[in-house]
Amino acid sequence: MITLTVNRKEHAVEADPATPLLWVLRDMLHLTGTKYGCGMAQCGACTVHLDGEAIRSCVTPVSRAEGKQVTTIEGLSPDGTHPLQLAWIEDDVPQCGYCQSGQIMSAAVLLREKSDPSDEDIDLAMSGNICRCGTYQRIRCAIHRAAKMNGGAK
Amino acid sequence: MSTPLSIGRRGFLKTGALLTGGLVIGFTVPLAKRVQAQGEPGKLPSPNAFLRIGADGSILVLLAHVEMGQGIWTTLPMLIAEELDADWSKVKAEHAPAAPTYFHTAFGIQITGGSTTTHSEFDRYRQVGAMARALLVEAAAKKFGVKPEDCKTENGQVISGSNKASYGELAEAAAKLPKPEKVTLKDPKDWKLIGKGKKRLDSPEKVNGTAKFGIDVQLPDMLTAVVARPPGFGGKVKSFDATAAKAVPGVREVVQVPSGVAVLADHFWAAKLGREALKIDWDPGPNAGLDSKKLRQEFRKLAGTDGATAVKAGDVVKELENGAKTIDAEYFLPYLAHSPMEPLNCTVRITPEKCEIWAGTQLQTVDQGHAARITGMKPEQVDIHTTFLGGGFGRRATATSDFISEAVEVAKASGKTVKVVWTREDDVRGGYYRPAFLHHAKIALDEDGHPKAWKHVLVGQSIAAGTPFEPMMIKDGVDATSVEGVSDSPYMKDVPNHRVDLHSPKTGVPVLWWRSVGHSHTAFVMESLIDELAHAAGKDPVEYRRMLLKDHPRHLAALNLAAEKAEWDKPPKEGVSRGVAVHESFGSFVAQVAEVSVSKEGELKVHRVVCAIDCGLAVNPDGVKAQMESGIIFALTAVKYGQITFEDGKVKQRNFHDYPILRMHEAPLIEAHIVQSTEKMGGAGECGVPPLAPAVGNAIFAATGKRVRELPLRPDELKHA
């Protein structure tokens, strides 16, 4: 048994310690907002927070999450009103939407670190997240918008 | 371990309940037949199939087409809501089930493709809204004791003088009225939504993790499977040993299916580990020698011979010999994978009564046929629950229903409810690629710089050959999707002596439509060649196109708007070079100006792309712009990185590290503009792709003097002083 705290809720799962956190979240805890895209930390669709840091859950063994706080897209805000979520809706960012959980989780860490990120900051923080629909321009706008909502941007 | 009755299952059950009419009250118009043929002239659609109005005023729109990013989840409901005068805040959308009622109005099967959704549904969905409105008005008139003509509708209410009733209150009474014989649609000047646009209805669930894709499906007692497929196309299992696979904790079963060996487990990870533990002896099959270099040589050899002629005029052989200037050029584009972000997957549950399928699919009718064949059931016993598609780009519409057929086979062989999930490697190596194409063009210019003779030979696999689409798509040996954009090019038509020939070699590589289909290679070749001709004629690329396209007003409108917005008449910024292209596809006309720089080391940077589209009426303008942005990034990925190659019968690429996708820091600024147009409506989803590669290639020529005749770019060859 491995004990995990996901979105402030404790879970005990029976999983091999080497199982990637992604599959524990998706197939055992049924938190399917976190997506599988590549399985080798190339695309960022599986991004979650581990003690507040963005990690690729597809290559993170579940054992590494033991005793730590895991936050997934489902737990980013209690009611879907994180400034990034609101900005994403306002800028019509999602297309197919599959990568957007990971995009938002990466952006959330960026905004926490830099309240008013520059385009270069955004490039740096977001270049690990692939969007096949090519929504990058709108993601950039939405991050700036969320920064403004937070009062971060001047 | 935990209960499988997750959020996902509830979401899908809701669909089932709706289809049997169990959840929503009101608005069930009695029909002679529940399933009625669509697309017959003069016959109105069944509102019941497309729209449900709840007693609470909720408006549910059922979508005959699927949402894969292109925005129809919002655009189709807009069409109904416009005519209905609905309260937009109460409008929701859901994918329709698989049934003849939802057949494409032009294609006669249930399909999402060809950038056709909005224009093919423009009348049907508006008619549904107008019919529902008429019934609600009639019900209200009775209730108020007034004539229907004395009622107006507004924001989900019928109003007559001081009387007001909400659609929710009226739904039950309206449902009992006979369906109107005919309806009058709004005058375009009265449109409140069409042409103005709405925010996407699917965003809220796509930003909080609740949107359900096929891969998110959870059913009771469901197992997850991964399939070991042959290392090369056409390979077969000779024998296999599953002892070690079955010893992996969580693995429940191993079964052989026509496509390989499936490992079924409690969850994906166990299934994947189980697959790795399989020992399989493969018969490599007929394509063991498949090799990209050899293929290219064969293509080149074929290009030197006559093929099936798509179009011809005049005497091309004679006139090629007496031009003022001539161009002789070979272009080559590789095989490409679609790589949707959501790897392919499909969930199947077979019971004695029916076969249920949960999947993100673009081609339900064909899927039903294959599932019926495999299970021995009738197509109507195959229920398809279409989820959101995590990207399609054509990959989720194969004539073989490959990823769905396989899952049905796994469910049948194992007797289990099963979700088959492809890994990214399975997807990259799984075939169904955009076919590689080699073009060879010989063009002669007259004294004024007009092309007077043009011989064009294309070599590349047919997408339709050997599929049920063959009779529709192949005429006289020419697959229309192989030559579209060349044989019907406005330039070609105006060249007095021309001939377009096609060779469609069989290679053993499964090929498929890839966002913009034939235009994905033909636009690159044609618009690069036009740039070569402009250069040879000593003319400005935009001016030269204006000269050749003088009788093609929609091309011109797009070209002129893009040139104006990009300030083509002024010199580009220091260090930046520009290229232009304009191309018609799927009924729309798109021009793009790319602004690039190329480093001395040959590295390309695309700074900005200015895009203009004439798609006729843009129902949801921001949605059209989003599709231009999307198409441009999709195309730029192919320009910089896209290629699938073969060696020793195997696909060389595996995952995003060697089949890269464009990333945030490489994405140019994109400015999309829409030509104000009342011309015939065209598409949007694919039309932004074709002009990008030639616009970028032409800009590279402007920057370096090096002509790009092959993709993806090879920075080594773009090095310059």
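Is Gly197(B) buried, exposed or partly exposed, and how many C-beta neighbours inside 10 Å does Gly197(B) have? Select Gly197(B) to start. Gly197(B) counts as partly exposed because it has 19 C-beta neighbours inside 10 Å. The scale is this: 20 or more other C-beta atoms within 10 Å is buried, 12 or fewer is exposed, and in between is partly exposed, with C-beta atoms placed from the backbone.

Before moving on, note that this is a predicted model, where local features need pLDDT of at least 70, side-chain atom pairs count only at pLDDT 80 or more, and totals for chains, interfaces and linings use all residues. Residues are numbered from 1 along each chain as its sequence is written, while chains are lettered from A and ligands numbered from 1 in the order in which they are written.

**Stop 1: around Gly197(B)**

Gly197(B) sits in the loop between helix H5 (167–175) and H6 of chain B. Helices (H or I, at least four residues) and strands (E, at least two) are DSSP runs, numbered from the N terminus. Now show the contacts of Gly197(B). Leaving aside neighbours within four places in sequence, they are Asn620(B), Pro621(B), Asp622(B) and Gly623(B). Contact means C-beta atoms, placed from the backbone, within 7 Å. Next, draw a distance to Ala262(B). Ala262(B) is 65 residues from Gly197(B) along the chain, and their C-alpha atoms are separated by 46 Å.

**Stop 2: the domains of chain B**

Colour chain B by domain: domain 1 (7–200), domain 2 (214–285 + 344–421) and domain 3 (292–335 + 433–718). These bounds come from an automatic or database domain assignment. The centres of domains 1 and 3 of chain B, taken over C-alpha atoms, are 40 Å apart. Between these two domains, 16 residues of domain 1 meet 18 residues of domain 3. On the domain 1 side, helix H3 (72–84) and helix H4 (117–144) each supply at least two residues. That side has 3 nonpolar, 12 polar and 1 charged residues. Here Ala, Val, Leu, Ile, Met, Phe, Trp, Tyr, Cys and Pro count as nonpolar, Asp, Glu, Lys and Arg as charged, and the others, Gly among them, as polar.

**Stop 3: H3(B) against H4(B)**

Select both helices. Residues of H3(B) that meet H4(B) include Leu76(B), Leu79(B) and Ile80(B). From H4(B), the partners include Phe122(B), Tyr125(B) and Val128(B). The residues of this contact divide into 11 nonpolar, 4 polar and 5 charged.

**Stop 4**

**Stop 5: chain B against chain A**

Show both chains. 53 residues of chain B are in contact with 47 residues of chain A. On the chain B side, helix H6 (203–207), helix H8 (268–276) and helix H20 (621–640) each supply at least two residues. H20(B) gives the largest share, 7 residues. By class, the chain B side has 24 nonpolar, 19 polar and 10 charged residues.

**Stop 6: chain A**

Finish with chain A, divided into domain 1 (2–75) and domain 2 (83–149). Their C-alpha centres lie 21 Å apart. Here 14 residues of domain 1 of chain A are in contact with 11 residues of domain 2 of chain A. Strand S3 (47–50) and strand S4 (53–56) of chain A each give two or more residues to the domain 1 side. S3(A) provides the largest share, 3 residues.
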